[in-house]
Amino acid sequence: MQVIEKISDIQAVLSGHWNNKTSIGFVPTMGALHNGHLSLIKNAGKENDLVVCSIFVNPVQFNNKEDFKSYPRDIQSDLNILEKVKCDIVFHPSAEEMYPGPVDGRFDFGDLDKVMEGAHRPGHFNGVAIVVSKLFDIVKPARAYFGLKDFQQLVIIYRLVKDHNIPVEIVPCTTVREEDGLAMSSRNKLLGKTERRHAVLLYKSLKMAKVQSGYLPVAQLKKMIEESFRHDKVMKLEYFEIVDMLTLKPIKLWSESKQVVACIAAYAGNIRLIDNLVIFS
Ligand code: AMP
């Protein structure tokens with residue numbers, strides 16, 4: 001496994017592969033790796049000749065400085081984990097390497113980034129698009145692997161590659177969960193014992209939404225979830241939305257859409273977590 005920090009170095013290594021038509025599978029991450037990330041890397045290994053994983057905590061996608069500072073980082077442990085799977089190249093650039101000058105770039109995602117994460121984290125998806133398009137340009141992968149855990153991000157990445165004609169196949173990967181259902185996340189490492197115990201309320205709410213979707217109107221279901229968070233002393237709900245899977249538009253009636261996903265963001269103490277579950281498709 002090669003660990004590379006410079007853009008010119010990784011491009012020198014990859015250029016031989018581009019010419020050979022080696023298929024490159026790419027997994028962009030922010031590190032603090034867990035089994036969710038590993039499932040993406042394993043999928044990339046099955047479907048490609050060469051696997052590249054990037055580890056870069058992208059400052060441009062954080063709208064909150066404290067969140068950026070406290071984001072878990074452990075490159076040595078990440079490299080030890082990656083040694084054990086099929087990962088050929090780790091790209092681990094510094095912020096100066098990725099952004100040597102002022103960062104610009106405005107992406108238009110229509111209404112896709114006006115709701116949920118986009119509404120609560122202004123500029124977040126623009127920052128994601130800046131780094132992902134830059135990484136795609138550096139690595140030029142045949143396929144790139146993204147988790148369904150970040151559902152809105154995935155929809156926006158599809159839009160990004162379509163609008164900008166980026167020749168990469170986006171491969172969506174199933175959300176990997178802890179035994180109690182909590183979606184694996186680097187931020188879970190920041191949870192205290194009590195917060196960790198209560199954090200399962202996100203998944204419980206999504207499961208409850210799926211079960212009740214056959215019985216309750218959308219508005220009543222949303223009220224029920226909001227109520228269950230009001231009764232929890234540790235958890236604070238930021239949003240619970242039921243949206244069309246393609247447009248991300250919140251629905252008022254079940255009959256409005258044929259493919260529906262429930263998305264949730266909540267704080268466990270100070271730690272912000274997100275999750276989602278397909279209700280029907
Ligand atoms: P991150 O390091 O959080 O930016 O995540 C890197 C990639 O891993 C993204 O495509 C995420 O959607 C994906 N990912 C994060 N958590 C999970 C999970 N629990 N299951 C599957 N994929 C995940």
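In which hand does helix 7 pass helix 8 in their crossing?

## Helix 7 against helix 8

Helix 7 goes past helix 8 in a right-handed crossing (a crossing is right-handed if the near helix is turned clockwise from the far one by less than a right angle, left-handed if anticlockwise). This is a predicted model, where local features need pLDDT of at least 70 and side-chain atom pairs count only at pLDDT 80 or more, while totals for chains, interfaces and linings use all residues. Residues are numbered from 1 along each chain as its sequence is written, and side-chain values use heavy atoms, with hydrogens and water left out.

On the helix 7 side, the contact (heavy atoms within 4.5 Å) is made by Phe125, Val128, Ala129, Val132, Ser133 and Phe136. Helix 8 brings Gln152, Gln153, Ile156, Ile157, Leu160 and Val161. Sort the residues of this contact and you get nine nonpolar, three polar and no charged.

## Helix 1 against helix 7

Helix 1 (residues 7-20) also packs on helix 7, at an angle of about 55° with the axes 8 Å apart. That makes helix 1 oblique to helix 7. Here Ile7, Ile10, Gln11, Leu14 and Trp18 of helix 1 meet Asp137, Ile138 and Val139 of helix 7. The tally for this contact is six nonpolar, one polar and one charged.

## Aromatic pairs

Rings of Phe, Tyr and Trp (its six-membered ring) pair if their centres lie within 6.5 Å; planes under 30 degrees apart are stacked, over 60 edge-to-face, and the rest tilted. By that rule there are seven aromatic pairs. Take Phe62 and Tyr71: the ring centres are 5.7 Å apart and the planes sit at 75°, so the pair is edge-to-face. Both Phe62 and Tyr71 are buried (under 20% relative accessible area; exposed is over 50%, partly exposed in between, with a 1.4 Å probe and protein chains only).

Phe136 and Phe146 are another edge-to-face pair, at 6.3 Å centre to centre and 85° between the planes. Phe136 lies in helix 7 and Phe146 in strand 5 (residues 143-147), so the pair ties together parts ten residues apart in sequence. Phe136 is buried, at 3% relative accessible area, and Phe146 counts as buried at 5%. Phe26, Phe136 and Phe146 form one aromatic cluster.

Conventions:
Helices (H or I, at least four residues) and strands (E, at least two) are DSSP runs, numbered from the N terminus. Ala, Val, Leu, Ile, Met, Phe, Trp, Tyr, Cys and Pro count as nonpolar, Asp, Glu, Lys and Arg as charged, and the others, Gly among them, as polar. Axes are lines fitted to C-alpha atoms, for helices over the stretch in contact, and angles run from 0 to 180 degrees between N-to-C directions. Angles under 35 degrees count as roughly parallel, over 145 as roughly antiparallel, 65 to 115 as roughly perpendicular and the rest as oblique.
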